Amino acid sequence: RSQATSELAGHVSLLSEPAPPESIKDTIHFNDLLKAIEQRRQVRMTYYTMSRDEETERIIDPYHLYHYDGLWYVYGHCHYREENRDFAINRIRVLTLLPSTFTPPSQDVIRRQLGLRFANISDEPITVSIWFDKESARRIRERIWHSSQQIAVNEADGSCVLTMTVTGLDTVTRWVLSFGK
């Protein structure tokens, strides 16, 4: 394995079962973003923001690609908003690699920033505590759901409380509702 391949491996995360991008356009954008990450080149993109139903022109320093909940995302510094953000690759309308370069944060810093997430949504971290009945508690206790999780088991009734510090509260809510009652 070459050194370049080893370095690139640190720029890609698989947070769920990966699938290829859904369209040829997305595959091209994925490959261009991977090249930009490898060469530390800025990109200019036209990006569709669903919540505002508008397209904006942005320049970003792409740091990391990850797959979550069936979609590919790029995480990087957005010069338009002057903060680190996540962008769904399927919402990128036009992407151009620029000759300008950037110095990324260390992989440890990026992984720490991404590690707080329950999902890809850029919110402030919040600590949540969720009570699960006996039946659901068995599923909760059998795996690690988040790097910050703590589980308190009530031995009397078999229930548990899962506490974790996350971003992406909407996604946490959907996840909790997937347990039913």
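Biologist: Which residue lies over the face of W145?
Modeller: R143 does, at 4.0 Å from the ring centre. A charge counts as sitting over a ring if NZ of Lys or CZ of Arg is within 6 Å of the ring centre and within 35 degrees of the ring normal.
Biologist: What should I know about the source of these values?
Modeller: This is a predicted model, in which local features need pLDDT of at least 70 and side-chain atom pairs count only at pLDDT 80 or more, while totals for chains, interfaces and linings use all residues. Residues are numbered from 1 along each chain as its sequence is written, and side-chain values use heavy atoms, with hydrogens and water left out.
Biologist: What is the mean pLDDT of the chain?
Modeller: The mean is 84, and 82% of the residues reach 70 or more; pLDDT is the predictor's confidence in each residue, from 0 to 100.
Biologist: Which elements have the lowest and the highest mean pLDDT?
Modeller: Helix 1 (residues 3–9) has the lowest, 60, and strand 6 (residues 92–101) the highest, 97. Helices (H or I, at least four residues) and strands (E, at least two) are DSSP runs, numbered from the N terminus. Where pLDDT is low, the predicted coordinates should not be read in detail.
Biologist: Turning to strand 3, how many of its residues are buried?
Modeller: Eleven of the 15 residues in strand 3 (residues 54–68) are buried, so this strand is largely enclosed by the rest of the structure. Buried means under 20% relative accessible area, exposed over 50%, and partly exposed in between (1.4 Å probe, protein chains only).
Biologist: How many bridges join strand 3 to strand 4?
Modeller: Eight, and the two strands run antiparallel; P62, for instance, has G76 of strand 4 as its bridge partner. Strand 2 (residues 41–49) is also antiparallel to strand 3, with seven bridges. Strands pair if DSSP finds at least two bridges between them.
Biologist: And how many aromatic pairs are there?
Modeller: The structure holds five. One of them is Y63 with F102, tilted, at 5.8 Å centre to centre and 55° between the planes. Rings of Phe, Tyr and Trp (its six-membered ring) pair if their centres lie within 6.5 Å; planes under 30 degrees apart are stacked, over 60 edge-to-face, and the rest tilted.
Biologist: Are Y63 and F102 buried or exposed?
Modeller: Y63 counts as buried because its relative accessibility is 7%, and F102 likewise at 9%.
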